[in-house]
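Biologist: I have a model on screen and I would like to learn how to read it. Can we go through it step by step?

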Amino acid sequence: MTQLSVTNLLGIKHLNKDDITLIFKTADHFKEVINRPIKKVPSLRDITIANLFFENSTRTKLSFELAEKRLSADIINFSAAQSSVKKGESLIDTVNNILSMKVDIIVIRHPNEGASDFLSRHINAKIINAGDGAHEHPTQALLDSYSIREKLGSVKGKKVVIIGDILHSRVALSNIYTLQLLGAKIKLCGPTTLIPKHITKLGVGYENNLTKALEWCDVANVLRVQHERMDIKYFPSIREYTQLFGINKELLNSINKDIVIMHPGPINRGVEITSDVADSKQSIILNQVENGVAIRMAVIYLLAQQIKR
Ligand code: CP
């Protein structure tokens with residue numbers, strides 16, 4: 001297989017296992033490229049990409065921008081906070097104005113679930129979802145599984161626990177879809193108030209006890225408590241959350257194996273994870289960030305191959 005089965009990357013839900021295998025194989029090639037002295041290839045010299053960020057981002061925004069530059073695409077960056085969105089311009093008007101400047105691919109992060117899906121039905125450009133509300137964050141999940149594969153040799157059969165605020169997490173849903181396609185076993189761990197009620201229908205387990213969850217797993221993907229998406233209190237206090245669901249070195253040392261620690265960032269140090277765990281040898285948090293560039297190069301490259309020149 002040399003082509004993706006999809007024409008946009010809106011979510012992992014729309015991908016199949018062959019798509020992920022192709023993305024990983026292409027990312028392997030680009031990972032080798034970005035470790036060369038000259039980290040650039042001319043592949044997308046005729047492609048223009050707009051990065052539209054309606055919500056804050058550090059890793060995803062810079063990683064997409066770097067991936068595009070490494071592929072020699074022309075890029076424009078849009079940040080809603082400094083734009084005419086603040087004067088009331090709609091999403092579709094904003095995007096149509098940008099597209100009239102002859103843009104081929106849109107990368108979009110938006111606080112509303114379904115924003116990238118909505119755009120795909122109204123505009124004639126390729127769309128990559130860089131995170132839509134609490135729905136999906138497909139490139140994050142791809143880089144997460146790619147990093148597990150790099151660290152442990154494969155994803156198939158590995159036991160992965162996703163810990164924390166699952167309810168408000170687009171990373172969790174995209175990770176569940178990806179890990180299932182690749183044959184991993186998945187459990188969720190966190191306060192019951194932060195676990196969506198329908199989630200077990202997706203075929204994942206739930207463990208309320210963090211120590212038991214860590215004893216079970218090969219990989220722990222730790223998520224941030226997303227206060228900005230909460231309009232009510234989901235647990236009594238941060239202190240209690242940390243006591244029950246925070247990972248610290250003492251707890252890790254009490255587990256009789258070297259589990260791999262992941263976090264999509266940004267980290268709340270001292271809340272869901274302590275610094276001595278986040279910065280430990282067991283942590284692959286910065287490898288995830290590094291792999292994000294190769295994964296995004298692969299996704300952009302594969303979608304661009306479908307554009308008629
Ligand atoms: N992991 C992630 O999406 O981080 P940013 O919000 O900084 O892009």
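Biologist: By class, how many nonpolar, polar and charged residues does the shell around the ligand have?

Modeller: Keep in mind that this is a predicted model. Sort the shell by class. The shell around the ligand has one nonpolar residue, six polar residues and two charged residues.

Biologist: Which residues surround the ligand?

Modeller: Go along the chain. Ser57, Thr58, Arg59 and Thr60 are among them. Arg109, His137 and Gln140 also surround the ligand, as do Pro264 and Gly265.

Biologist: Which backbone atoms lie by the nitrogen and oxygen atoms of the ligand?

Modeller: Look for pairs of N or O atoms within 3.5 Å. A polar backbone atom of threonine 58 is 2.8 Å from an oxygen atom of the ligand. Proline 264 has a backbone N or O atom 2.8 Å from a ligand nitrogen. For glycine 265, a backbone N or O atom lies 3.4 Å from a nitrogen of the ligand. On its own, the ligand has 250 Å² of accessible area, and the protein covers 92% of that.

Biologist: Where does the ligand sit?

Modeller: Check the pockets. The ligand sits in the largest pocket.

Biologist: What domains is the protein divided into?

Modeller: Domain 1 (12-136 + 289-304) and domain 2 (138-284). Their centres, taken over C-alpha atoms, are 25 Å apart. The contact takes 30 residues from domain 1 and 25 residues from domain 2.

Biologist: Which domains does the ligand shell draw from?

Modeller: From domain 1 and domain 2, with at least three residues from each.

Notes: Residues numbered from 1 in each chain as written. Predicted model: local features only at pLDDT ≥ 70, side-chain atom pairs only at ≥ 80, totals over all residues. Heavy atoms only, no water. Near = heavy atom within 4 Å. Polar contact = N/O pair within 3.5 Å; in protein donor to acceptor, adjacent residues only side chain to side chain. Areas by Shrake-Rupley, 256 points an atom, 1.4 Å probe, with all protein chains shown as cover. 1 Å grid on protein atoms, 1.4 Å probe; cavity = no way out; pocket = protein on both sides within 12 Å on 5 of 7 lines; lining within 4 Å. Sits in = over half its atoms within 2 Å of the grid points. Nonpolar A, V, L, I, M, F, W, Y, C, P; charged D, E, K, R; others polar. Domains from an automatic or database assignment. Contact = heavy atoms within 4.5 Å.
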